[in-house]
Amino acid sequence: MSTDRIVGIDLGTTNSLVAFMQGESPVVIPGDDGSNLVPSVVALDQDNRPFVGNAARNSLIATPERAVYSIKRLMGRGVDDIQEELKFFPFRLAEDLQAGEVLRIRLGERTFTPPEISALILRQLKRNAERFFGAQVTKAVITVPAYFNDAQRQATKDAGRIAGLEVLRLVNEPTAASLAYGLDKKQNGIVAVYDLGGGTFDISILKLHDGIFEVIATNGDTHLGGDDIDNLLITIALDDTLGDLGLDLRRNAGAGQAIRKSVIEAKIALSSQSSVNIDVELPCGKRYLREITREQFEQLIQPIIDRTVGPCKQALKDAGLKPEQIDEVVLVGGSTRIPRVRALVKELFRREPHTDLNPDEVVALGAAVQANILGGGSEATENMLLLDVTPLSLGIEVAGGVTDKIILRNSTIPASATQFYTTQIDGQANVAIHVLQGERELAKDCRSLARFDLKGIPPMAAGMARIEVKFLIDANGILHVSAREQRSGKEAEIQVQPSYGLTDEQVEGMILDSFDSAEEDFRQRQVIEARNEATTILAALDKGKKSPAWGHLTTDEKKKIAKMEKALIAVQAEDDYQGIRKAIDALNQGTTRLAELMMDSAVSVALKGKTMDEADMGEGPTAPHPMAKAEFE
Amino acid sequence: MTNSSLTTITAKPVPEETQTCWSCGTMRAVHFCESCGKVQPPAPVDYFTFFGLSRKLNLDIAALDKDFYELSRKLHPDLNARAGSQEQEWSLQQSSLLNDAHRTLKDPIKRTQYLLKLEGVELEEQSKTATEQARSTGQVKKQIVPPDLLEEVFDLNIQLEELRIQKKIGEDDPALIEEIGRQKLELEEKQESLLHELEFRWKMWDGMIQREQNGQPVSEEERKQERDKMVDVLNRRNYIRNLVRDVGEALGN
Ligand SMILES: Nc1ncnc2c1ncn2[C@@H]1O[C@H](COP(=O)(O)OP(=O)(O)O)[C@@H](O)[C@H]1O
Ligand SMILES: [Mg+2]
Ligand SMILES: [Zn+2]
């Protein structure tokens, strides 16, 4: 067993987690605020330093123009692909963005590419793990939606590198979930994994036999999830306020975020309650009030969740299976907590789905299992092997703009295909190749992966050259191409013009914290970081004591806080970072209620003082709905 | 390696086939060393040879699957993630070869096509790509209608045309749809029966290979005849498959 710890990371649209194999079972590593889920939100503080997670999410309302969420939606995508997203998400593109350039998102005065923002999230997870182990972490397995294409996968790998992580493997999220699920089941059979998270939907069908986890078919939608439900509810609220109050909140990012926060809370409540009241304080001083019943909610979201049906049926068809042949259905992703989603899955597969694993954590746990396998395995993972597939067919453009598929979807990876090319005219030195990914017949309807030229073909008569081009999809689902002219035996030079994505040099230039590498620096940094954090939390506490919220605490609560404060001050000067951390964690826990009380009053103050803001909720379309008129007070 | 959305690897010269393990020097099994377990450089072999099979078409799929899983447990990159970079590269090459070979051989049609290609036959292009290409470039696709289908195809085409016209003007004739649906079923049955015909051809082919293996000479003429018969079955099957697909599209499913 190598001494390097390899962690498993679920880099989610909404939440991210890091896990590792502790002994014979995978466990999630909590963040410094004690929570297992790190919200995938990145924000900049007043000094333009990025911060991540719950704190960043809490800053969304007060400083929306300095924060970004759901960045996973933009990974590996170009400007043309994201027009739909821009209607619903307050992504602020850099103004000087050139056509064909990798997207850049504005946060405050700085701009970041999507892989850089993802890297900031990854770095936070890396730090959480390092704090937990008290040692450096440089290797990781990162999960991606099964239906991610080549560009999205490459962007995720880039993010890892920028964060200072060697990405040993990209694993498909539903497949990872099945690893965690199969670890304690140790049984054979056909399993369907239905994964509906915040931004993506995947369905994978696997055959489990003697420790081999073999994916037979996978399908999905990389733009379908809880976000879509949130957007629907937000649109209704914006319509209501515009219609009844004449107040156009689409231009007010802070108010938009306040509405978003409350509809998400309402949505989550509706998973366990039969009705819920939305109550948001608006910038004009009025309150937006609306009651939503479970029944209305279910009617509203039906079209969204129905979009998961097609991919499920297609996956079954591709697997050559009938629903009755599925032995188990596993639910993954926060949105599968919605009772109507569970009912739909039950209808689809005629079987009560499994819910005994935490749908938020199972992907990260599975990533930890895969990390363990890559690291040489242990007793628990002995004999385990994952055979995954490529979700999309790989093709090349041929005459007439038609896609010639050379590796079909659901082929087990690694997979390869060899194509032969020749020249059309005498002495021709270059041949252009256009690589595509997707199921459609015409090249223009598929995803363009890259265009490249085979160069330096030795001069020959037309049709004489025989250039062998090998396309290989590796175990990460990422494509590699090599070429050779057969008659001369000469290797043809390949010049790749990726349709999307960063170049090697760009990634190199983005790598965060290169100073991370020195072990001593690292230990010192840990202590310094912990001390800084202690100072911050102590300052915050001082502020808290002066705030009206302090008055709402009981004497007992105040006493406890005072004791923990003293303990932290005492340990802060020492070189013992573990001790400082413990004291910080304790104080953090002890002041949760205070923080909440303060946050509540901060929110309403911020909202009242809010003016029009350039960062808005977009011009989302209106949403007709079956509900009664909203109330305003 | 570049780090673009599409990475490139340079084609390395094919390593010379050796009998001994590059790592421990013992005599080795083909793809990995029986003694030390290390993955060996891939040899440039066809899919049958990769699995240690002769060029016979009637395959024991259960045995093929078993070999596939056993080899996966040795060759897969996940199980060689801690090896040196050269070994990792070999593991990637070997396991993609393993997967390609398994995918091709386990499917009856792909297996037959692959064998024919190995035997030097250029298969008639009747793939969907060719059809689409012909459609979009306006060329007439070279397609030989199997003689026993001529009449049926003629009728069917007239009915399909009628259906398209009706659809255009927004009418539909349930009787016509039913009739076309019935013909589609019939075609599907034909497609199925062609698979049996193909299996019969395999038997003939395998018998011939067996005789050859027993030391009896097989004439090039006989070989060619067996090949041609298989090509014929495949062509007819492709034709019907495309027809079934077109009918399905016209019916809107
Ligand atoms: N109890 C619940 N009811 C309904 N939706 C929920 C519930 N809990 C979480 N969600 C939703 O699940 C999504 C997050 O799921 P998660 O699996 O963490 O997503 P991701 O993998 O995209 O990060 C969000 O849209 C969140 O609002
Ligand atoms: Mg997820
Ligand atoms: Zn050896």
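**Two ligand sites in a predicted model**

Good morning. I begin with ligand 1: one of its oxygen atoms lies 2.9 Å from a backbone N or O atom of A:N15, a polar contact being a pair of N or O atoms within 3.5 Å. Taken alone, ligand 1 exposes 580 Å², and the protein buries 90% of that; these areas come from the Shrake-Rupley method with a 1.4 Å probe.

This is a predicted model, in which local features need pLDDT of at least 70 and side-chain atom pairs count only at pLDDT 80 or more, while totals for chains, interfaces and linings use all residues. Residues are numbered from 1 along each chain as its sequence is written, chains are lettered from A and ligands numbered from 1 in the order in which they are written, and side-chain values use heavy atoms, with hydrogens and water left out.

Two side chains also reach ligand 1. An N or O atom of the A:K267 side chain is 2.7 Å from an oxygen atom of the ligand, and one in the side chain of A:S271 is 2.6 Å from a ligand nitrogen atom.

What surrounds ligand 1? There are 17 residues, the closest being A:T14, A:G198, A:K267, A:S271 and A:G334, where a residue counts as near if one of its heavy atoms lies within 4 Å.

I turn now to the zinc ion, ligand 3. Its coordinating atoms are the SG atoms of B:C21, B:C24, B:C33 and B:C36, at 2.2 to 2.4 Å; donors are N, O and S atoms within 2.8 Å of the metal (3.2 Å for Na, K and Ca), and sites may look incomplete since water is not among the atoms. In sequence, the donor residues follow the spacing C-x2-C-x8-C-x2-C.

Terms used
Polar contact = N/O pair within 3.5 Å; in protein donor to acceptor, adjacent residues only side chain to side chain.
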